[in-house]
Amino acid sequence: MSNIIKRYYIGQPNELQILNGISLTVHEGEFVAIVGASGSGKSTLMNMIGALDKPTEGSYLLNGVDVSKLSDKQLSEIRNKEIGFVFQTFNLISRTNALKNVEMPMLYAGVSRKERSKRAMELLEMVEMEDRYTHKPNELSGGQKQRVAIARAMANDPSIILADEPTGALDSKTGRMVMDIFHKLHKKEGKTVVLITHSPELASETERIITISDGSIISDTGYKGNAPAKEVSAE
Amino acid sequence: MSFFENLKMAFSSIAANKMRSLLTMLGIIIGISAVITITTLGTTLRATVKGALDSLGTNLFYVYLTEKNVDNYYDSYDIETTPEDLISMSMLEELIAKYPDEIRIAEENPIGSGTLRNTEKKDVPVNIVGAYDGTLDYNGCKILAGRNITMEDVTRKKYTCVVSHIFVKQYFKNGENPIGHVISINMENGAAYEFTIVGVYRYNTLVNGAGPNGTDEMKTPIYIPNTIALQLQGNYYFDGFWGIPLTFNVKYDANDVKAHIQNFFDEKYASNKNFTIGVNSAMDELKTIDMVINVITIIVSVIAAISLIVGGVGVMNIMLVSVTERTREIGVRKALGAKKRAIKRQFVTEAIIICLIGGIIGILIGLLNGELIGIVANMIIKSEPSYSEILGNVTIQPSFGAIIISLIFSMLTGVFFGLYPASKAAKMNPIDALRYD
């Protein structure tokens, strides 16, 4: 997986450059942490990686597809199939139970009903939530909710798991448990995990730490894996 | 995403806000129930009026002599008729012989009043009316016992008569069976004639008028064969009719009967230089009444349907609130890969389902209203026997066309008023939506 992310402005009269030309490549199977203080531009970068937004300039290649040139509909498909979001506040749909929440990305992908619930149960087993599949989010603890959310992120077997402060709303014990799941996904399933956090401790658990400040990368510990040599494209 | 999934989603979100959904539906419920109530009333009213008119003789044709080649009465040349031009009794007999089960003569010929002295030596006043086999039917009089005047009574000049049930009460104080009884009628000119009672009919006060002094003093008609009546009038040389009412058996189609009558007389008058026969139908008047009821029903329904727009705006309002409330959910769905179209469809489906449920509840309430009105109407009719005789039992007849149209209309309301909130939801930027509190 080769990523090149670049500049981004918002607002017309008060043009604000949040990302000042960021270039980075994340390889398949990497566990990367993007660290930065609030306002550093890490959320904007996350939106770019998650195909929620397109860069104003520059290009972003995801599995060889230039995401920056895709239509709104195609971005939806990329988000659906290639990205697995894990949010700080879980963002489960409160009206439906855990199983239905996990099924949701598959619903939009057009997976059949039978297959959906089978896969969703497997995923809930993976995060050890299979006995609570009928519970609604308000009947679950924070850690349990986040585990369901991780299962949901895995639903369509995405290329990247994009976790935005996944332990931010959890106590240290449940946070630990969630982090363990990410490690498991990374090691056992070989998933590419991008962890966005402001906490250096959490970041230190990962293979590679990219630090962002004022819309620029100020440090990158670099790729440690044995995938093809990393390519970092200049702007 | 399948249609079924969409429905399930819509139902779950409606169920999550039951009270609010119900209140939202209220406008639709009121609108649709009003439309259904009104259309039910309209169709019922039409059927009841038609039934009542039928029993009073919409199955009536007036056959009349008219000048040939004149379309308008005012253009007529006032040609003198000769006895040969008139509609003769033999013609009518021939017509009835041709269509024995179908056509009857409804002519009536009141020849004056008379009295009868009953067993208590009291005089019972009566009107004497010359009749044919269709006269009583045409007057809405039902035979209670015995038989009607027949064409045989008329042609054979039999001294038979049919009396009213009120007359029976007035005359037979001991409750004997009046059928076969011979009564002597004292005419105004002093002569007395004896008639055999062959039948008793029910005198309808609503149609035939009530006497001012109650049942004991009421003067009701005694029907006798018109040939006898004409003789009693001193009219031994009866030439024929300028015009005559005919009734027909309702099991035949009115248009067929009309054609039969017209064709019969066209043939008879083919060789007549000046005159021919016209046939007028009471059905034409029924059509006018029908049209009036229809127009009233449609106008009031349209007014009621306007309340649907108010209901629809209510739905739109709540959908907008719902979209704002669920901004975060929309953001999550978009982040998880929901396309604009899927979000739009989700909210439009929800609006349609709200309106459709409202519509169905409205239809049920409308039908219930109809039934209640039917019960009340029947109670009123039953309390007044002279009404119930004509109107019978009112059966509520919901308009199925209106039900189908209401369902479609409430769905369209959902589409129309759901579209704007839904596209607002679909257009949301997922980043902003996810950040929304």
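## Two domains of chain B

How much area do domain 2 of chain B and domain 3 of chain B bury between them? In this predicted model, the two domains bury about 640 Å² between them, and 79% of that area is on carbon and sulfur atoms. Helix 3 (residues 89-98) of chain B gives the largest share of the side of domain 2 that touches domain 3, with three residues. The contact involves eight residues of domain 2 of chain B and seven residues of domain 3 of chain B. Across this interface the rule finds zero salt bridges.

The domain assignment of chain B places residues 59-100 and 252-281 in domain 2, and residues 108-240 in domain 3. Domain 1 of chain B is likewise given in two pieces, 3-55 and 286-435.

## Two buried residues of chain B

B:Thr247 is found in strand 10 (residues 243-248) of chain B. Is B:Thr247 buried or exposed? Its relative accessibility is 2%, so B:Thr247 counts as buried, the cut-off being under 20%. Leaving aside neighbours within four places in sequence, B:Thr247 is in contact with several residues, including B:Asn59, B:Leu60, B:Glu102, B:Gly134 and B:Tyr138.

B:Val35 is in helix 2 (residues 18-56) of chain B. This residue is also buried, with a relative accessible area of 12%. Not counting residues up to four places away in sequence, B:Val35 touches B:Ser301, B:Ala304, B:Ala305 and B:Ser406. B:Ile128 is 93 residues from B:Val35 along the chain, and the C-alpha atoms of the two are separated by 51 Å.

## Where chain B meets chain A

Between the two chains, 26 residues of chain B are in contact with 23 residues of chain A. The area buried between chain B and chain A is about 2,200 Å², of which carbon and sulfur atoms give 58%. Three residues, B:Leu336, B:Lys339 and B:Ile431, supply 27% of the area that chain B buries against chain A, more than any other three residues.

There are four salt bridges between chain B and chain A, and nine residue pairs in polar contact with both residues at pLDDT 80 or more. Helix 1 (3-16), helix 11 (327-335), helix 12 (340-383) and helix 15 (430-435) of chain B each supply at least two residues of the side that touches chain A. Helix 1 of chain B gives the most, with seven residues.

## Salt bridges

Side chains of opposite charge can pair when their charged atoms come close. Over all chains, a search of the whole structure finds 24 salt bridges. A:Arg116 takes part in a salt bridge with A:Glu103, with the closest N and O atoms 3.3 Å apart. A:Arg116 lies in helix 4 (residues 113-126) of chain A and A:Glu103 in helix 3 (residues 98-109) of chain A, so the pair ties together parts that are 13 residues apart in sequence. Both partners are buried: A:Arg116 has a relative accessible area of 4%, and A:Glu103 has one of 5%. A:Arg116 also meets the side chain of B:Glu5 in a salt bridge between the chains, at 2.5 Å from N to O.

Within chain B, the side chains of B:Asp290 and B:Arg46 meet in a salt bridge at 4.0 Å, N to O. B:Asp290 lies in helix 10 (residues 283-325) of chain B and B:Arg46 in helix 2 of chain B, so this pair ties together parts that are 244 residues apart in sequence. B:Asp290 counts as partly exposed at 27% relative accessibility, as does B:Arg46 at 21%. Salt bridges that share partners also join A:Arg95, B:Arg326, B:Glu329, B:Arg333 and B:Glu350 into one network.

## Chain A and its helix 6

Chain A has seven helices and 10 strands. Of its 235 residues, 55% count as buried. Among the contacts in chain A with a separation of 6 or more, 69% are between residues 24 or more positions apart.

How many residues does helix 6 of chain A have? Helix 6 of chain A has 17 residues (172-188), and at 1.5 Å a residue it should span 24 Å; its end C-alpha atoms are 24 Å apart, which agrees. A:Asp171 caps the N-terminal end of this helix, with a side-chain oxygen 3.1 Å from the backbone nitrogen of A:Lys173. Buried residues in helix 6 of chain A include A:Thr174, A:Val178, A:Ile181 and A:Leu185. Just after the helix, A:Gly190 takes a positive phi of about 70 degrees.

Notes. Residues numbered from 1 in each chain as written. Chains lettered and ligands numbered in written order. Heavy atoms only, no water. Helix = DSSP H or I, 4+ residues; strand = E, 2+ residues; numbered from the N terminus. Expected span 1.5 Å × (residues − 1). Buried < 20%, exposed > 50% of the residue type's maximum accessible area, 1.4 Å probe, protein only. Polar contact = N/O pair within 3.5 Å; in protein donor to acceptor, adjacent residues only side chain to side chain. Domains from an automatic or database assignment. Contact = heavy atoms within 4.5 Å. Buried area = accessible area lost by both parts, 1.4 Å probe.
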